[in-house]
Amino acid sequence: MKKLIDQLYRDEFLNKEELKLLLESLEEDSRNYLYDLATKKAKQTFQNKIYVRGLIEFTNFCKNDCYYCGIRCSNLKADRYRLTKDEILECSDIGYDLGFRTYVLQGGEDLSYTDEDIADIVQSLKARHPQVAITLSIGERSREAYEKFKAAGADRYLLRHETINPVHYSRLHPENLTLENRIRCLDDLKDIGFQVGVGMMVGSPYQTVDNLVEDLMFIKEFEPHMVGIGPFLSHKDTPFAHMENGSFERTLDLIAIVRLLRPKTLIPATTALGTINPKGREAGILVGANVLMPNLSPTSVRKKYMLYDNKICTGDEAAECQKCLANRVSSIGYEIVVDPGHYPT
Ligand code: SAH
């Protein structure tokens with residue numbers, strides 16, 4: 001097994017069979033070896049620096065009905081909210097004072113914000129804080145929309161591919177959502193010049209080892225600037241309420257392998273990872289993650305952006321979150337930096 005891990009570390013190509021063998025045969029020793037090399041790889045580019053992005057969850061209205069997601073449109077129990085442009089700008093001011101130099105505007109697919117509205121929000125954010133990088137994470141829109149967002153000053157776009165297998169995709173989403181359109185969006189975003197983020201949930205219902213291997217091959221080929229990986233966590237008011245959660249350890253395996261496959265990629269230690277294990281985000285950093293995305297949304301709406309049950313950090317003020325994270329990061333020998341954290345050239 002160590003031979004395969006060494007090959008990955010040296011950036012030698014592993015084929016599907018080899019990646020599958022690796023995923024299927026990891027045990028304590030080889031796993032620790034993988035994690036050590038992934039940490040080493042991350043440090044070669046990023047030293048002990050951790051980038052933070054201020055997450056503004058600005059709407060939990062969503063027209064989509066993804067089977068896994070707590071804010072799916074069929075969940076009538078979700079208490080819906082939208083932030084106004086002024087509220088979003090206020091969040092960004094608080095974040096700026098705390099040292100954030102990049103914001104992620106994330107939301108459900110809420111068409112009450114037109115393409116022009118989103119462009120206007122991006123433009124106003126940029127006018128207010130010219131040095132910051134803006135990331136959008138608002139799902140599938142037209143190429144023209146993405147072009148408008150880019151022209152308004154948006155720098156990055158997060159759109160997890162969720163799974164690259166079309167059959168698996170159709171077991172996670174209703175028929176009107178297709179892998180084909182997902183990929184069309186990702187190709188457009190890249191073509192337009194965004195730094196693009198893909199990603200998947202580990203242990204999502206019906207996922208097989210082969211699916212994960214396919215996801216890894218896709219990540220290698222697509223060359224994303226960011227990869228978001230977290231465990232699937234069930235939400236009580238979704239069709240997947242009784243599905244098993246993803247595995248913590250498996251999620252770490254995938255983060256480590258992605259770090260070796262894509263040495264310079266920005267990889268967050270996700271909130272889902274911190275939810276499944278109290279030291280999950282620290283563990284993620286220790287296997288090669290280099291980004292944290294603390295929440296800047298007003299505390300009054302935090303509990304409403306519930307994609308899965310028991311989500312952490314829904315009560316704290318942004319400043320408290322920032323302090324808590326700084327302590328967590330320094331406890332493992334890393335340091336949060338004031339920096340937009342662009343993909344290294
Ligand atoms: N609507 C936007 C972003 C919101 S959801 C979009 O479609 O991109 C952001 C990510 O949260 C999703 O891509 C999904 O991978 C993850 N997510 C949603 N439900 C989840 C769950 N139950 N467990 C773990 N992650 C989940």
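Modeller: By the rule used here, the count comes to 4 cavities of 30 Å³ or more. The model is predicted.

Biologist: Which residues line the second largest cavity?

Modeller: The lining is L8, D11, E12, F13, L14, L19, L216, M217, K220, L260 and L261. The largest share, 3 residues, comes from α9.

Biologist: How does the lining of the second largest cavity divide by class?

Modeller: It has 8 nonpolar, no polar and 3 charged residues. Asp, Glu and Lys count as charged, and the lining includes D11, E12 and K220.

Biologist: Now the helices. Why are α9 and α10 called roughly parallel?

Modeller: Helix α9 (residues 209-222) and helix α10 (residues 248-261) pack at an angle of about 30°. Angles under 35 degrees count as roughly parallel. Therefore α9 and α10 are roughly parallel to each other. Their axes are 10 Å apart, and the crossing is right-handed.

Biologist: Which residues meet between α9 and α10?

Modeller: From α9 come L212, L216, I219 and K220; from α10 come L254, I257, V258 and L261. By class, this contact has 7 nonpolar, no polar and 1 charged residues.

Biologist: What makes up the contact of α1 with α10?

Modeller: I5, L8 and Y9 in α1 meet I257, L260 and L261 in α10. The contact divides into 6 nonpolar, no polar and no charged residues. Tyr counts as nonpolar here, and Y9 is one of the residues in this contact.

Biologist: How do you know that α3 is oblique to α10?

Modeller: Helix α3 (residues 28-46) and α10 pack at an angle of about 45°, with their axes 9 Å apart. That angle makes α3 oblique to α10. The crossing of α3 and α10 is left-handed.

Biologist: Which residues of α3 meet α10?

Modeller: They are R31, L34, Y35, L37, A38, K41, A42 and F46. The contact of α3 with α10 divides into 10 nonpolar, no polar and 6 charged residues.

Definitions and conventions
Residues are numbered from 1 along each chain as its sequence is written. This is a predicted model: local features need pLDDT of at least 70, side-chain atom pairs count only at pLDDT 80 or more; totals for chains, interfaces and linings use all residues. Side-chain values use heavy atoms; hydrogens and water are left out. Axes are lines fitted to C-alpha atoms, for helices over the stretch in contact, and angles run from 0 to 180 degrees between N-to-C directions. Helices (H or I, at least four residues) and strands (E, at least two) are DSSP runs, numbered from the N terminus. Angles under 35 degrees count as roughly parallel, over 145 as roughly antiparallel, 65 to 115 as roughly perpendicular and the rest as oblique. A crossing is left-handed if the near helix is turned anticlockwise from the far one by less than a right angle, and right-handed if clockwise. Contact means heavy atoms within 4.5 Å. On a 1 Å grid over the protein atoms alone, a cavity is a set of points where a 1.4 Å probe fits but cannot get out, and a pocket is an open set with protein on both sides within 12 Å along at least five of seven lines; lining residues have an atom within 4 Å of a point. Grid points are joined across faces, edges and corners, and a volume is the space filled by probe spheres set on the points.
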